[in-house]
Amino acid sequence: MNDPVKTPPHTTPPRPTDPVRVFILDDHEVVRRGVRDLLEAEDGIEVVGEASDAREALARVPATRPQVAVLDVRLGDDPRGDHAGIEVCRELRALMPELACLMLTSFDDDEALFDAIMAGAAGYVLKQINGADLIAAVRTVAAGTSMLDPRTTARVMARLRGPEPAPAEEPELSELDRLTARERQILDLIGEGLTNREIAERLFLAEKTVKNRISSILAKLGVGRRIQAAMLVGRIKDREGNAPGRN
């Protein structure tokens, strides 16, 4: 993997009197203009740029140097997949670690929430949020504070841990039970030796989406490399195939 591109040294943090610099990414013009008008009407916030797709955002954000990027989770038919905005967050954070990304979405989706947090997002809010709360969210993440409430954090930690262990008198749950059905499909294809691109083609997914799912699989299984995951699934299947009562 190539090392992330190094950015020039960042200047001193903004003074309290400096406006919060914000960039907006949303593929819907009406939504994008609405968010821009709302933020620009607020004292102490300056919208320094906007984009309608991932490619444009990745080109313009480093040039405009915002403190906060408000990113739509879903960007139409972007080849990066259903969560293209989260991929933009991941890439921007690699380039600009000081950037606070606030994810904006129409869907209360645990999968997207998990991916956003793993990508380094500072906050995750629904588009149904009222204007005052969105402004407060922008100011909150600009100040370096996470917008993730305790319930959200608990949901993510529960997913990272996987299901609670079974009581001692019950058989131990398989490591594979921590995975979603889609993750099981991907893991099986890893076991067949398929590359990320081949898996994406087989399951009709974006290659970036497959890469994210594999990262989640490795975290859940507690391994660092895909070959270890493939070996683990092979051992588990052998164990389950030899267990009494299994065909």
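**Reading a predicted model: helices, burial and phi**

Trainee: What covers the buried residues of α5?

Mentor: The cover includes β1 (20–25), α1 (29–40), β2 (45–51), β3, β4 and β5 (123–126), where helices (H or I, at least four residues) and strands (E, at least two) are DSSP runs numbered from the N terminus. This is a predicted model, in which local features need pLDDT of at least 70, side-chain atom pairs count only at pLDDT 80 or more, and totals for chains, interfaces and linings use all residues. Residues are numbered from 1 along each chain as its sequence is written, and side-chain values use heavy atoms, with hydrogens and water left out.

Trainee: Which residues of α5 are buried, and what makes them line one face of the helix?

Mentor: They are Leu 134, Ile 135, Ala 137, Val 138 and Val 141, buried meaning under 20% relative accessible area, exposed over 50% and partly exposed in between (1.4 Å probe, protein chains only). Seen down the axis of α5, the buried residues fall within an arc of 155° (taken from the directions from the helix axis to the C-beta atoms), so they line one face of the helix.

Trainee: Why is Thr 105 called buried?

Mentor: The relative accessibility of Thr 105 is 3%, and the limit for buried is under 20%, so Thr 105 counts as buried. Thr 105 belongs to strand β4 (residues 100–105), and its contacts (heavy atoms within 4.5 Å), not counting residues up to four places away in sequence, include Asp 72, Tyr 124 and Leu 126.

Trainee: Why is Phe 204 called exposed, and why is Arg 65 called partly exposed?

Mentor: Phe 204, in the loop between α8 (196–203) and α9, has 78% relative accessibility and therefore counts as exposed. Arg 65, in the loop between α2 (54–64) and β3 (68–72), has a relative accessible area of 25%, so it is partly exposed. Phe 204 has a positive phi of about 60° although it is not a glycine, and Arg 65 has a positive phi of about 50°, again without being a glycine. Most residues other than glycine have a negative phi.

Trainee: How do you know that α7 and α9 are roughly perpendicular?

Mentor: The axes of α7 (residues 181–191) and α9 (residues 207–221) come within 10 Å and cross at roughly 90°. Angles of 65 to 115 degrees count as roughly perpendicular, under 35 as roughly parallel, over 145 as roughly antiparallel and the rest as oblique, and α7 and α9 are therefore roughly perpendicular to each other. Among the residues that make the contact are Ile 186 and Leu 187 of α7 and Ile 214 and Ile 217 of α9.

Terms used. Axes fitted to C-alpha atoms, helices over the stretch in contact; angles between N-to-C directions.
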